[in-house]
Every structure is written in structure tokens, then in C-alpha cells.
Amino acid sequence: MEEEPQPVFKIVSLSKSPKTNKKRVWKSLKQILQTERSLKWPEEAVTYSSLNPPPSFKPPKKYSDISGLIAYYTDPQTKLHYHNSEEYQTIKTLPSDLTAGYLALRGATSIV
């Protein structure tokens with residue numbers, strides 16, 4: 001029986017320098033951006049800081065205004081997001097100034 005070769009997930013030549021047998025030091029994104037800012041680049045050069053990603057096709061996640069959990073529901077009257085029925089009961093007892101405060105914290109316009 002022939003044994004199938006196991007897949008190799010790590011390329012050893014990238015993690016260690018072949019001559020000195022020392023581990024390679026990787027730069028973080030913060031270090032790369034700092035190096036980019038310190039060097040003179042032409043206007044047409046593509047750098048990490050000049051890249052703009054395309055808009056996402058996924059809808060943004062909504063989080064509960066009360067607990068911060070993922071909000072599955074929105075109250076049609078106050079426009080507050082909530083996670084479960086207990087939070088909905090809490091929203092129903094809130095005065096309008098607190099509701100407006102929650103909406104202001106989220107950056108939504110208050111229609112109340």
C-alpha cells in the first residue's frame with residue numbers, strides 16, 4: 001500500500017532565512033503604513049493607504065440599542081432596534097426623551 005503524501009500548509013522557506021536559519025520578522029500593518037508615510041511616493045503610486053475597497057454587497061449588521069446584541073427587530077413606533085421580547089417591553093416603557101437619546105447615540109434622526 002502506498003501512503004498518500006500529507007498536504008503541506010506551511011512553507012518552511014518563508015518562515016526561516018535559508019542562510020542564517022533565523023526566523024523572519026514580519027511587519028504589522030501599522031508599521032507598514034508608518035513606513036509609507038515617511039517615504040516620498042509619486043502621486044500615481046499604489047500604497048496600502050491609497051487603496052479604497054469597493055462597497056460591500058452585504059447589508060450592515062444592526063445592533064440592539066439597549067443591550068448591544070445583534071438586533072433582529074425594529075420597533076416601528078420609536079425606530080429603536082431590539083434583540084428579544086424583554087427588550088421590547090423595556091422600549092415600550094421608555095419616555096420619549098430617552099428614546100431620542102438612544103437614537104442620537106446611534107446617529108439616527110429622531111422622528112418621535
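Buried means under 20% relative accessible area. The legends below use that term for a predicted model.

**View 1. The whole chain, element by element.**
This predicted model holds four helices and two strands. Starting at the N terminus, their order is α-α-β-β-α-α. The chain has 112 residues, and 14% of them count as buried. Its accessible surface comes to about 10,400 Å². Carbon and sulfur atoms own 58% of that surface. Now take the contacts between residues at least 6 apart in sequence: 14% of these join residues at least 24 apart.

**View 2. The salt bridge of Arg 106 and Asp 65.**
How many salt bridges does the chain have? The count comes to two. This view shows the one that Arg 106 forms with Asp 65. Their closest N and O atoms are 2.8 Å apart. The pair links distant parts of the chain, 41 residues apart. Arg 106 belongs to helix 4, which covers residues 96–106. Asp 65 sits in the loop between helix 2 and strand 1. Are the two partners buried or exposed? Asp 65 has a relative accessible area of 14%, so Asp 65 is buried. Arg 106 has 31%, so Arg 106 is partly exposed.

**View 3. The salt bridge of Asp 75 and Lys 92.**
Here Asp 75 forms a salt bridge with Lys 92. The closest N and O atoms lie 3.7 Å apart. Where do the partners sit? Asp 75 is in the loop between strand 1 and strand 2 (81–82). Lys 92 is in helix 3, residues 85–93. The pair therefore ties together parts that are 17 residues apart in sequence. Asp 75 has a relative accessible area of 1%, and the cut-off for buried is under 20%, so Asp 75 is buried. Lys 92 reaches 39% relative accessibility and counts as partly exposed.

Is Tyr 72 buried or exposed? Its relative accessible area is 58%. Exposed means over 50%, so Tyr 72 is exposed.

Key:
Residues numbered from 1 in each chain as written. Predicted model: local features only at pLDDT ≥ 70, side-chain atom pairs only at ≥ 80, totals over all residues. Heavy atoms only, no water. Buried < 20%, exposed > 50% of the residue type's maximum accessible area, 1.4 Å probe, protein only. Contact = heavy atoms within 4.5 Å. Areas by Shrake-Rupley, 256 points an atom, 1.4 Å probe, with all protein chains shown as cover. Salt bridge = Lys/Arg side-chain N within 4 Å of Asp/Glu carboxyl O.
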